[in-house]
Every structure is written in C-alpha cells, then in structure tokens.
Amino acid sequence: MILAVNNLSKTYDGKDILKGISFHIEAHDKLAVTGINGAGKSTLLKQIIGEENPDSGSITIPKDARIGYLSQNMDADSEKSIYDEVISIKQDVIDMENELRSLEKAMQTDQSESLMKRYSELSHRFELENGYAVRSNVTGILKGLGFKEDEFDKKVSLLSGGQKTRLALGRLLLEAPDILILDEPTNHLDIASVSWLEGYLKAWKGAVIIVSHDRYFLDRIVNKVLDIENGTATMFTGNYTAFAEKKAALRKDRMRAYLNNQAEIKHQQEVIDKLKQFNREKSIKRAESREKALAKIDRVAKPFDVDDAMKLHFTPSKLSGKDVIFAEHLGKAFGDKELFSGVELDVKRGEKLAIIGPNGTGKTTLLKIINGTEEADSGEIEYGTRVEIAYYDQEHHVLDPDNTVFDEISDAYPYMNNTEIRNLLASFLFTGDDVFKLIKDLSGGEKGRLSLAKLMLSKANLLLLDEPTNHLDITSKEILEEAVKNYEGTVIYVSHDRYFINRTATRILELDHKHFVNYQGNYDYYLEKQADASFDKEKAVSGIVSDFNASGNKALGKTASFDGKNAVSDTNSTGAFNANFASDECDSASVNVNGQNAGNNTNAAAEVKLSFKEQKERKQQQQKLRTALTNCEKEIEQHETAISDIDTQMADPATAVNSAKLNELSTKQAEHSAKLEELYIKWEELSEALENF
C-alpha cells in the first residue's frame with residue numbers, strides 16, 4: 001500500500017466538501033477520481049500533496065515515496081529552452097555523465113587505481129539511473145506530447161499556457177515519481193498526444209491518480225475509480241465503463257430506496273392523519289404511537305439524478321434536403337502555411353460527422369468555411385435546400401461578455417417572456433441570481449452550457465460544433481451525447497473527446513498531410529482500420545475518399561462496392577453498423593443484421609412476456625387491496641355517521657325521558673363503536689398491505 005486516506009473531511013464556508021472519505025491504493029494502481037464539477041476532486045488532490053490541510057482525518061504515505069503533481073493550469077516562466085527545462089529534472093544524471101566524460105579524458109594520461117575505481121563506481125551508478133537513455137527519453141516524451149524537434153530550442157517564457165502545461169507534464173514523466181497525480185492532463189493535448197500518453201501511463205510502474213473528464217482516456221488506463229458524490233466517496237474496481245455501468249445500477253438502487261423511503265414517510269403520515277380524523281381515544285393513541293415511530297425513521301438523502309442535470313434536446317424547425325453540403329477542391333492557407341487542399345465534401349442529411357487530426361491542421365478553419373465566417377482560398381461549396389446552420393464556438397465568441405446570462409437569451413430571442421427565459425435557463429442549471437451573472441465572470445463550463453442553450457433555441461438543421469465537450473463535466477457530456485445522437489438534423493463537429501466521438505459519430509474525417517481520409521464508422525472503427533495491415537492510408541489520401549470496406553477492397557465515393565455478408569461479419573466484430581452506402585446490398589445487409597439480432601433476442605422476448613404476466617397479476621392484486629381499502633373507508637364513514645345520528649337522538653329531550661328508547665340507542669351505539677374499532681384495525685392492515693406493493 002502506497003497511499004491510505006482515512007476519514008478525511010473538509011469544509012468551506014460551512015459547506016461540507018468532503019465527509020469522512022476513506023480509501024487506499026497499491027503501488028501499481030491507476031486510480032481515477034470522478035465527480036461533478038465542484039464535488040471536491042481537486043480539493044482531495046491538494047490535500048494528498050500537502051497543499052491544503054484536512055479539517056479531520058489522516059493521509060498516510062511511505063516516507064521515501066515521491067509525489068509528482070500536475071495541476072490544471074501551469075504557468076512556469078524560464079529562460080531555458082524546452083529541452084533544457086525538461087532534462088534539468090535529471091541534472092544529477094547529467095552531472096554524472098559530464099564527470100564520466102571528464103574521467104575518460106583524464107584516464108588517457110592517468111591510469112591510477114583511484115581514478116579507475118571512481119570511474120567504475122560512477123559508471124555503475126549511471127547505469128542504475130538509466131543514464132544512457134535519459135536524452136532519448138527526453139526527446140521521446142517531448143515528441144509524444146506534441147512538441148516538434150525544431151521547437152526544442154524555444155524558450156519556455158515564450159510558450160502559451162497550454163504548452164507550459166504540456167511541458168510540466170513532460171518534466172513529471174521524466175522525473176518518474178512513485179505517485180503521479182494528474183489533474184486534467186489531456187486538456188491541452190491533441191488525439192495523437194493523448195494516445196501516446198495512454199501508452200506511457202499504461203506501462204508506468206508507479207501509482208497514478210487522475211482527475212479527468214476524458215472518459216476514453218480513463219477507460220484505457222485506470223483499474224480503479226473513486227467516485228465523489230455529495231461529499232462521500234465510493235471505490236469501484238475496473239475501468240471507466242465498468243464504473244459507469246455499476247454506478248448506474250447503484251444509482252437506480254439508491255433512487256429506489258429514496259422513493260420507497262419517501263413513500264413510507266408519506267404513507268405513515270397519511271395513516272396518522274386518518275387516525276386523528278377518526279377522533280376516537282384509541283385512534284388518537286395509535287396516531288401518537290405512529291408519530292413517535294415516524295420520527296425515528298431514517299431519512300434517505302435524495303441521490304443525484306439526471307433530473308438535477310442539464311436538459312438538452314435539439315429539434316430542427318424543418319428538415320433539410322437529403323443533400324446538405326457538397327464541396328470540391330477546398331483549400332486554405334495562412335501566409336506560407338498551407339492547412340489543406342483539394343478537400344471534397346459530400347454530406348447527407350442525418351449524418352454525424354467528426355473531424356479529427358493534430359492541433360493546428362485546419363479543423364476549426366474548415367468549420368468556419370462551412371459556416372461562412374471564413375473564406376476558402378480555392379474551391380467551391382454548395383448547400384442543399386432548406387439548410388439552416390447554427391455554430392457552436394469553443395471560444396464562445398457568440399456570447400457578449402458584458403451581457404448578463406438573462407440578457408444574452410433575451411436579446412437573441414426577444415419573443416420569449418421572462419418566465420420562458422427563466423425556465424430555459426433553469427434547465428441549463430442557471431437558477432436564482434445566477435441569471436444575472438455577467439458572461440465575462442462565468443466559468444468555462446457555464447459558458448459552454450449557455451452556448452448550448454442558444455444552440456438549442458436556434459432550431460437549425462445543421463449544427464457545426466467546435467470542441468463542444470470542452471469544460472463540461474461528465475454528466476453534461478453524456479446529456480450532450482444523447483442530444484446529438486437523437487437529433488434528426490445533421491452534425492459536423494471538431495472534437496478531441498474520443499468517447500464522445502465513439503458514441504455519436506457515424507463518419508470520421510481525419511485531416512492528415514493536408515488532405516482528408518474518410519472512415520465510415522465511429523472511433524473504434526477508426527482505430528480498427530488504423531491497425532488493419534490491409535489498409536493503405538497513403539492510397540486513401542486523395543482529397544476526401546472512403547476507406548476500405550470489410551473485405552479489404554477500396555471503396556471510392558458513391559460507386560463503392562459493398563459486400564453485405566462481410567458487412568454483417570464486420571458488424572459482429574465492431575458491435576455497431578455505422579456505414580452509409582448507396583448500394584442495394586446495404587439494405588439486405590441491414591436485414592441480415594436485424595434478423596440475426598432478432599433471433600438472438602427470442603429468449604429475451606419470452607422473459608419480457610413472462611415478466612409482463614407477473615406484473616399484470618400483481619396489479620390485479622394491488623387493485624383488490626385498493627378496492628378493499630375504499631370499501632373499508634366507506635363502512636367506517638357509515639358507522640361514524642350512525643353513531644353521530646344516535647348521539648343527536650339521545651340528546652333529544654323527548655328521548656331522555658324514554659328509558660326503553662335510550663337503552664335501544666345505547667345498544668346500537670355500542671355495536672357501531674365495536675364494529676368501528678374492528679374497521680379501524682382492518683383499515684390499518686389494508687393500508688400496510690397496500691404500501692408493501
């Protein structure tokens with residue numbers, strides 16, 4: 001065990017951020033820390049590294065264990081070069097290397113025993129420190145993190161904030177601490193760099209603790225997940241997907257427990273109110289007894305649920321034509337830097353098209369050209385009929401920084417009244433005085449949610465999204481994914497979020513060597529083709545062309561030959577059928593896939609029918625109880641009315657002098673009261689039985 005956290009608590013301004021958190025990890029564990037924004041993830045990390053102190057609890061780490069920490073924002077200034085800044089972490093090894101070179105030079109004229117001994121000892125230490133690989137490691141790490149070799153001499157002080165964060169990560173990786181703590185390490189990395197980092201961390205021999213919203217990244221690295229919710233933490237084993245499945249099941253159980261608890265409290269209060277309403281001594285005593293029992297019932301806290309999260313759905317006001325965008329020979333350059341050339345696009349209605357590629361290659365520029373806010377240097381672009389575009393800008397330039405949140409919506413959609421705007425903003429988690437915040441004071445996540453709100457109101461049928469998941473927490477990302485998947489219009493987006501791409505894309509365009517390569521599938525399909533030895537990427541790079549079909553034959557544009565049998569086989573292996581082909585065989589392939597799935601689901605259908613039959617029987621039993629309870633209440637009312645009538649008659653002066661009549665009425669009253677006591681007990685029993693359902 002390399003780290004143990006025991007009963008850790010932290011409070012800020014009277015709010016419990018962490019409440020009695022306990023967990024431990026072993027020296028080889030790769031742990032993800034998850035939770036919504038503000039859950040306390042960064043607070044936990046800062047306490048582990050000693051930057052903050054807990055209010056109570058303890059953190060135990062071996063004395064000789066070294067901790068390395070990467071925060072979300074690094075802003076180190078240095079006049080050193082990029083290369084020198086990273087290699088300075090191994091200065092002791094560099095010093096040894098320099099001394100060895102000096103000793104080698106000295107030994108050319110001095111063969112003394114002391115000199116030879118010193119050289120031998122130093123060589124041994126140098127080998128133990130892996131000194132011969134230090135320089136190649138530095139080069140490999142810097143290239144892996146996206147620095148080009150001609151940038152190695154660039155001064156650190158001239159780097160952007162994101163580049164400095166990447167540099168800080170490179171220093172940490174070279175330092176190789178026993179516990180590596182990373183807070184959003186993929187924020188400033190492109191897909192290639194993130195993939196490289198995944199491989200590096202998977203081979204990492206020490207412990208790693210990661211806070212990240214990159215679910216695909218977590219999926220491929222971690223073996224444990226610590227989830228923080230409402231100040232408490234739960235440890236799950238497995239990768240992110242395993243955690244998400246387990247948590248979804250656990251959330252259902254917790255919500256069921258909460259709803260049952262609320263139903264029990266409500267039921268007990270209804271029984272108490274009813275007993276008091278009976279207004280009999282025994283009933284009142286029973287009501288008082290139940291009140292004491294109700295006070296002792298443990299209240300189950302309401303778990304976080306999607307009802308507490310952002311509400312998002314895209315609905316186009318009208319459908320576009322089948323052909324949405326057609327472009328030929330698009331090219332763009334800025335000065336001497338050519339981004340792309342000869343690009344062709346043929347986008348159909350309903351496609352979800354992801355554009356991927358290294359940073360700085362022109363992905364966002366292509367979106368702007370499609371949006372009409374940037375002009376292509378060459379080529380033509382045509383839009384289909386009834387195409388209406390809405391653009392999501394990752395820098396949120398569409399938002400007026402001097403506007404309040406409320407005014408931003410009101411100005412853009414003046415036909416909406418105050419209540420409508422308030423309700424809309426509440427569905428995007430802007431409540432109370434939040435709506436009067438200035439946009440320039442909002443966090444990245446808040447700006448993202450507001451931009452999505454405006455995008456939803458646009459009712460466009462072509463959405464252009466530039467890094468839409470940036471700054472969103474995982475729950476919001478999942479909601480956005482569902483909105484994109486269920487959207488009837490067309491989506492073209494740029495994203496580094498591979499999990500998002502994998503769940504939403506029906507086609508991928510990879511910007512590679514100034515041209516686009518087309519992949520008819522999601523991100524898993526893209527990776528499969530990258531690993532396919534029969535896939536010749538060089539041949540595929542020609543403007544925009546289709547990739548290879550399942551049989552390995554090259555498919556070019558609309559004339560693609562498509563093997564339905566192979567497609568079914570490929571579907572089984574990839575788990576999804578995402579390709580869109582203008583081929584008659586495509587339909588038969590789909591039938592085969594659907595038919596096979598239908599066959600596999602036969603047993604499941606039988607189970608559903610059996611479950612439905614059981615549910616029907618239970619509903620019938622439940623209805624019988626409801627009817628019995630209603631009849632019981634009617635009987636109670638009849639006897640109570642009869643007793644009230646007898647009381648009225650007995651109070652009549654004429655009856656008071658008639659002893660025979662008084663005896664008769666008294667006997668009837670006693671009979672009604674006895675029956676009433678039986679009915680009260682029966683009513684409670686029926687209420688309990690009905691509640692159990």
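Glu-482 is partly exposed, at 33% relative accessible area. The structure is a predicted model, in which local features need pLDDT of at least 70 and side-chain atom pairs count only at pLDDT 80 or more, while totals for chains, interfaces and linings use all residues. Residues are numbered from 1 along each chain as its sequence is written, and side-chain values use heavy atoms, with hydrogens and water left out.

Glu-482 forms a salt bridge with Arg-503, the closest N and O atoms being 2.7 Å apart. Here a salt bridge is a side-chain nitrogen of Lys or Arg within 4 Å of a carboxyl oxygen of Asp or Glu. Glu-482 lies in helix 15 and Arg-503 in helix 16 (residues 498-504), so the pair ties together parts that are 21 residues apart in sequence. Helices (H or I, at least four residues) and strands (E, at least two) are DSSP runs, numbered from the N terminus. Arg-503 is partly exposed as well, with a relative accessible area of 31%.

Further salt bridges were examined. Lys-675 and Glu-678 join through their side chains at 3.8 Å, N to O. Both belong to helix 23 (residues 659-692), where a spacing of 3 residues separates them by about one helical turn. Lys-675 is partly exposed at 31% relative accessibility. Glu-678 is also partly exposed, at 49%. Elsewhere, salt bridges with shared partners link Arg-215, Lys-477, Glu-481, Glu-482, Lys-485, Asp-497 and Arg-503 into one network. The side chains of Lys-143 and Glu-149 make another salt bridge, at 2.9 Å from N to O. Lys-143 is partly exposed, with 43% relative accessible area. The count of salt bridges by this rule comes to 38.

Helix 15 (residues 474-486) also takes part in a right-handed β-α-β unit with strand 15 and strand 16. A crossover is right-handed if, with the strands pointing away from the viewer, the path from the first strand over the helix to the second runs clockwise. Strand 15 runs parallel to strand 16 (residues 490-494), with 5 bridges joining the two. Two strands pair if DSSP finds at least two bridges between them. Within this pairing, Leu-465 stands opposite Tyr-493 of strand 16. Strand 15 also pairs with strand 14 (residues 389-392), in the parallel sense and over 4 bridges. There, Leu-463 is the bridge partner of Ala-390.

Strand 15 (residues 462-466) is largely enclosed by the rest of the structure, because 5 of its 5 residues are buried. In a regular strand the side chains alternate between the two faces of the sheet. Leu-462, Leu-464 and Asp-466 point one way from strand 15, Leu-463 and Leu-465 point the other way, and all are buried.

A separate group of 3 strands forms an open antiparallel sheet in the order 11-10-13. Its edge strands, each pairing on one side only, are strand 11 (337-348) and strand 13 (378-383). Neighbouring strands of this sheet are turned by 15° against each other on average, direction ignored. Axes are lines fitted to C-alpha atoms, for helices over the stretch in contact, and angles run from 0 to 180 degrees between N-to-C directions. Strand 10 (residues 323-334) pairs with strand 13 in the antiparallel sense, over 5 bridges. Glu-328 stands opposite Glu-380 in strand 13.

Helix 11 (residues 363-371) has the buried residues Lys-363, Thr-365, Leu-366, Leu-367, Ile-369 and Ile-370.

In Arg-386, phi is near 60°. Arg-386 sits in the loop between strand 13 and strand 14, and is partly exposed at 48% relative accessibility. Asn-7 has a positive phi of about 55°. Asn-7 is placed in strand 1 (residues 3-12) and is partly exposed at 44%.

Thr-34 lies in strand 3 (residues 30-34). At 3% relative accessibility, Thr-34 counts as buried. The side chains of Thr-34 and Asp-227 are joined by a polar contact of 2.8 Å. A polar contact is a pair of N or O atoms within 3.5 Å; within protein, one must be able to donate a hydrogen and the other to accept it, and residues adjacent in sequence count only if both atoms are side-chain atoms. Leaving aside neighbours within four places in sequence, Thr-34 is in contact with Lys-41, Val-225, Leu-226, Asp-227, Ile-228 and Phe-243. Contact means heavy atoms within 4.5 Å.

Conventions:
Buried < 20%, exposed > 50% of the residue type's maximum accessible area, 1.4 Å probe, protein only.
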